[in-house]
Amino acid sequence: MCRNIRVLHNFEPSATDAEVHEAALQYVRKISGSARPSKANEDAFARAVAEITASTRTLLDELVTTAPPKDREIEATKARERARERYAR
């Protein structure tokens, strides 16, 4: 999975529309192989991002869990620590 796409489920507060859009944009960039589409592909690229954003929001809204919500700051601290260990080698 692309390292820039983050888990968005089960956080308090829930994922914002901007976070969902950014995840969709990263996904489309990854599978299309380009960070910026050509003029000829702009419409298809934008449409894919919009559709994936909508599908992701629907998925997040419908997922059910019994686990307590995660804290964004604690998870960010854990991620920084994992990165520090990974890059220290």
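This is a predicted model: local features need pLDDT of at least 70, side-chain atom pairs count only at pLDDT 80 or more; totals for chains, interfaces and linings use all residues.
I began with Pro-13, which sits in the loop between β1 (11–12) and α1 (17–32). Helices (H or I, at least four residues) and strands (E, at least two) are DSSP runs, numbered from the N terminus.

Residues are numbered from 1 along each chain as its sequence is written, and side-chain values use heavy atoms, with hydrogens and water left out.

Next I checked Asn-10, in the segment before β1. Asn-10 is not a glycine, yet its phi is positive, about 70°. Asn-10 is buried, at 17% relative accessible area (buried is under 20%, exposed over 50%, partly exposed in between; 1.4 Å probe, protein chains only).

I searched the whole structure for salt bridges and found six. The term means a side-chain nitrogen of Lys or Arg within 4 Å of a carboxyl oxygen of Asp or Glu.

One of them joins Arg-57 and Asp-17, at 3.3 Å from N to O. Arg-57 is in helix α2 (residues 42–62) and Asp-17 in helix α1, so the pair ties together parts 40 residues apart in sequence. Asp-17 is exposed, at 58%.

I also looked up Glu-75 and Lys-78, whose side chains form a salt bridge at 3.4 Å, N to O. They are three residues apart in helix α3 (residues 72–88), about one helical turn. Glu-75 is partly exposed at 23%, and Lys-78 is partly exposed at 42%.
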